[in-house]
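Here's a quick briefing to read alongside the model. Have the sequence and the 3D view open as you go.

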Amino acid sequence: MSQSRTYEVRTYGCQMNVHDSERLSGLLEDAGYQRAAEGSTADIVVFNTCAVRENADNRLYGNLGHLRPVKDANPGMQIAVGGCLAQKDRGEIVRRAPWVDVVFGTHNIGSLPTLLERARIGREAQVEIEESLETFPSTLPTRRESAYAAWVAISVGCNNTCTFCIVPALRGKEKDRRPGDILAEVRALVAEGAIEVTLLGQNVNAYGSEFGDRQAFSKLLRACGEIEGLERVRFTSPHPRDFTDDVIDAMAETPNVMPQLHMPLQSGSSKVLKAMRRSYRQERFLDIVRRVREKMPEAAITTDIIVGFPGETEEDFAETLHVVREARFAAAFTFQYSKRPGTPAATMDGQLPKKVVQERYERLVELQESISAEENRKLVGREVEVLVAEGGGRKDGDRHRLSGRAPDNRLVHFSAEEGDNAPRPGDLVTVEVTYAAPHHLVADSGVRSLRRTRAGDAWAARNGQQQEEPGVLLGMPKVGVPAAEPAAAGGCCDA
């Protein structure tokens, strides 16, 4: 194989898929491929798919259709499809799109380079789907997208049986990594320059169930707090059933665990929660919110909500609105119920008309937007420490702003000096919030203090920028605050 062959990975869905795509990129580079330059046509295009919602299928086959003439014009180009939709559709993909070369599932991402080579030599599509995990993804090569923040998978799969969710059928039963392996990976990432990690699992706080330790997750959080140089720890997504007091205590008492919690509600109606086969009720969910806020008053709590589940009445929907008002979420990822073949909910009585679901959805979004705006306005005039991110909002370039995340994971756009004194991605800045919108904060009064970090040095080295000699830094060094969450919240990490 020529060393100059290029690849592109297109990722859809949740954080677990984003992390899997880093593994896919690492595998391809380990096999001699090079990342395609932006705007160029790659020799290998890999789709890492999601199957949580109905439009995932349409999106994939639409994108494959757009690629067909490109492939026809570029002999030797290969197309691979992996992820949850590949696990679900299997050979159906090459039947509907015969120009696809490789289909692989969620359990065998490590097979991709071999399957590509086999398809190239044999000139025949390769479909390989395993029914159980072949090797834990953490053992595979990785091309991490960020020099300063990293995903760390602590488990894969899910033991829950939510009636709306297809994920357990596609990701399998929960498999946990040993704590020592996880902590060794975190230490290695910190040694490479990362100062923030996000612990990942389909049901992250059920961690330990496979080896029989009900407090394994809280112990893991506390152990992360002892890793020197690790400043921000996040995790996603926990299930309310497993959200115990020892986890809340570990969050509150471990300085580098961020005051942020993403905990899926799905519905505020106890009746609907029972039909969804969610093992908690409204009172239990609100009690967790209360206990988290007692221990961490500054915590920002976000959630996922499904509108229009089969059988949901107007009274049920009113219960969801009640929980939203009581919990005062910083943000909510709201979804209209999507029927997924193979799930119990798909054949339930009481499927709701699209018009009813749309109207309820709009009311929910309007309520949550108003709460998000009110909660964000409370931060105007306060100073926050921001971990500077790579890239930013669409208007940041026009307004000469940078972007990053506060400890509570709120997105902050801030004005900063340009040139040699500009903060780098991975650096930490303290800014004063001057304006609040529902989905972001603005700090236009300039940077109050800048702390250059090892993470910023790592970003500079990765991007070919000369590191500055250590000098006098602005502001006092601070250790132990939380970091930002990349990519999609929601999706198959919804617990």
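Strands E16 (residues 401-405) and E17 pair in the antiparallel sense, with five bridges between them; strands (E, at least two residues) and helices (H or I, at least four) are DSSP runs numbered from the N terminus, and two strands pair if DSSP finds at least two bridges between them. This is a predicted model, in which local features need pLDDT of at least 70, side-chain atom pairs count only at pLDDT 80 or more, and totals for chains, interfaces and linings use all residues. Residues are numbered from 1 along each chain as its sequence is written, and side-chain values use heavy atoms, with hydrogens and water left out.

**Around E17**
- Arg405 has Leu411 in E17 as its bridge partner.
- Four of the five residues in E17 (residues 411-415) are buried, where buried means under 20% relative accessible area, exposed over 50% and partly exposed in between (1.4 Å probe, protein chains only).

**The annotated cysteines**
- An unreviewed UniProt entry puts a "binding site" feature at Cys158, Cys162 and Cys165; such annotations may be inferred rather than shown by experiment, feature names are shortened, and positions follow the numbering used here.
- Cys158 sits in the loop between strand E8 (155-156) and helix H6 (167-171), and it counts as buried because its relative accessibility is 9%.
- Leaving out residues up to four places away in sequence, Cys158 touches Pro168, Gly172, Lys173, Glu174 and Gln202; contact means heavy atoms within 4.5 Å.
- Cys162 is in the loop between E8 and H6, and its 10% relative accessibility makes it buried.
- Apart from neighbours within four places in sequence, Cys162 contacts Met276, Arg277 and Arg278.
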